[in-house]
Amino acid sequence: MLRWLLAVLGYFVYRFPGAIVGFVLGSLLDNLSVKGGRFQTSFGTSQQQVTPADFELNLLSLASLVIKADGNVSQTELDYVRQYFVQAYGRERANATFRIFNEVIKKREISAQNICSLLQQRTRYEARLQILHFLFSIANADGSVSTAEVNEINRIAGYLGVYGRDFESIKAMFFKNPDSAYKILEIDRTATIPEIKAAYRTMVKKYHPDKLQHMDEAHQKGGEEKFKKVQEAYEQLQKERGF
């Protein structure tokens with residue numbers, strides 16, 4: 001039954017290719033639920049409970065694009081993604097997500113534009129900012145973020161409808177240079193002290209961890225990291241400008 005439901009949903013989202021993927025995915029879910037219900041425990045069988053799995057698969061698909069962006073599949077980056085998913089969703093649920101990705105999603109061409117279009121409809125803006133932070137964290141897991149990885153994340157940001165200044169703000173959290181603090185606060189180096197203070201208040205509201213209370217623990221932790229970077233940037237400018 002589930003295979004036909006997902007086939008219909010897939011058709012409305014991705015037309016005929018989506019119907020095929022939905023049918024295959026539904027078949028896997030039907031088979032797994034029959035075998036002792038292990039997968040059923042992780043995701044449930046109702047449409048509402050399956051929806052988070054859809055988000056996880058989409059998130060994993062975007063992660064795979066970033067990992068492959070520079071032509072070097074880093075084991076450190078792969079390990080970071082697995083650890084993140086285990087922390088966010090639990091080991092059994094994370095393993096199920098990776099298994100479905102390897103068996104179904106990985107075998108077809110991943111469209112960042114289609115995935116981001118879905119995420120843009122289903123997630124809040126704050127959550128999409130956290131997705132970008134997650135993708136930069138993957139790229140940085142091996143110690144540095146390559147130009148190819150930055151370009152890929154920038155492409156994804158565009159599809160997610162993230163504003164250019166917000167992208168540059170999150171990007172600056174992973175690069176140390178004289179302008180990083182200004183970029184994190186989304187202001188120019190010529191900003192006055194009142195403008196710096198106003199920018200800080202704006203960024204505190206934008207990146208406050210409370211805005212991610214609806215997301216899982218790992219995403220909330222990422223939100224706290226962004227919030228900390230904003231505070232550090234402000235404190236750095238306080239020292240530099242003497243206020």
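# Notebook: a salt-bridge network and some buried residues

**Entry 1**

I started with Asp166, which is buried at a relative accessible area of 2%. For burial I use these classes: buried is under 20% relative accessible area, exposed is over 50%, and partly exposed lies in between, with a 1.4 Å probe and protein chains only.

A note on what I'm working from: this is a predicted model, where local features need pLDDT of at least 70 and side-chain atom pairs count only at pLDDT 80 or more, while totals for chains, interfaces and linings use all residues. Residues are numbered from 1 along each chain as its sequence is written, and side-chain values use heavy atoms, with hydrogens and water left out.

Which residue forms a salt bridge with Asp166? I found Lys206, with the closest N and O atoms 2.5 Å apart. Lys206 sits in helix α11 and Asp166 in helix α9, so this pair ties together parts that are 40 residues apart in sequence. By salt bridge I mean a side-chain nitrogen of Lys or Arg within 4 Å of a carboxyl oxygen of Asp or Glu. Helices here are DSSP runs of H or I, at least four residues, strands are runs of E, at least two, and both are numbered from the N terminus. Lys206 counts as partly exposed, at 21% relative accessibility.

**Entry 1: Glu186**

I then followed the network: Asp166, Glu186 and Lys206 are linked by salt bridges. Glu186 is in the loop between α10 and α11, and at 15% relative accessibility Glu186 is buried. I also checked the backbone there. Glu186 has a positive phi of about 60° and is not a glycine. Most residues other than glycine have a negative phi.

**Entry 2: the other salt bridges**

How many salt bridges does a search of the whole structure find? I get six. Side chains of opposite charge can pair when their charged atoms come close.

I looked up Asp188 and Arg165, whose closest N and O atoms are 3.9 Å apart in their salt bridge. That pair links distant parts of the chain, with Asp188 in the loop between α10 (180-184) and α11 (193-207) and Arg165 in helix α9 (residues 164-172), 23 residues apart. Asp188 is partly exposed at 46%, and Arg165 is partly exposed at 45%.

Next came Arg155 with Glu152, a salt bridge whose closest N and O atoms are 2.6 Å apart. Both residues lie in helix α8 (residues 147-160), three residues apart, about one turn of the helix. Is each one buried or partly exposed? Arg155 is partly exposed at 36% relative accessibility, whereas Glu152 is buried at 13%.

**Entry 3: Glu149, a buried charge**

I stayed in α8 for Glu149. Glu149 is buried but has no salt bridge, and the nearest side chain of opposite charge, Lys171, is 12 Å away. For charge, Lys and Arg count as positive and Asp and Glu as negative, with His and the chain ends not counted. So what lies by its side chain? The backbone nitrogen of Ser146 is 2.9 Å from a polar atom of the Glu149 side chain. That is a polar contact: a pair of N or O atoms within 3.5 Å, where within protein one must be able to donate a hydrogen and the other to accept it, and residues adjacent in sequence count only if both atoms are side-chain atoms. Leaving out residues up to four places away in sequence, Glu149 touches Val66, Ala69, Asp70, Glu77, Ala139 and Ser144; contact means heavy atoms within 4.5 Å.

**Entry 4: Ile153**

Ile153 is also in helix α8, and I have it as buried, at 0%. Beyond its neighbours within four places in sequence, Ile153 contacts Val66, Leu132, Leu135, Phe136, Ala139 and Phe167. Its C-alpha atom is separated by 9.4 Å from that of Lys171, 18 residues apart along the chain.

In helix α6 (residues 112-122), I noted Ala112, Ile115, Cys116, Leu118 and Leu119 as buried. They cover an arc of only 155° around the axis, which puts them on the same side of α6; the arc is taken from the directions from the helix axis to the C-beta atoms. Asn58, in helix α3 (residues 47-68), is buried at 9%. Setting aside neighbours within four places in sequence, Asn58 is in contact with Ile115, Leu118 and Leu119.

**Entry 5: whole chain**

I counted 12 helices and zero strands. Of the 243 residues, 47% are buried. Among contacts with a separation of 6 or more, 68% come from residues 24 or more positions apart.
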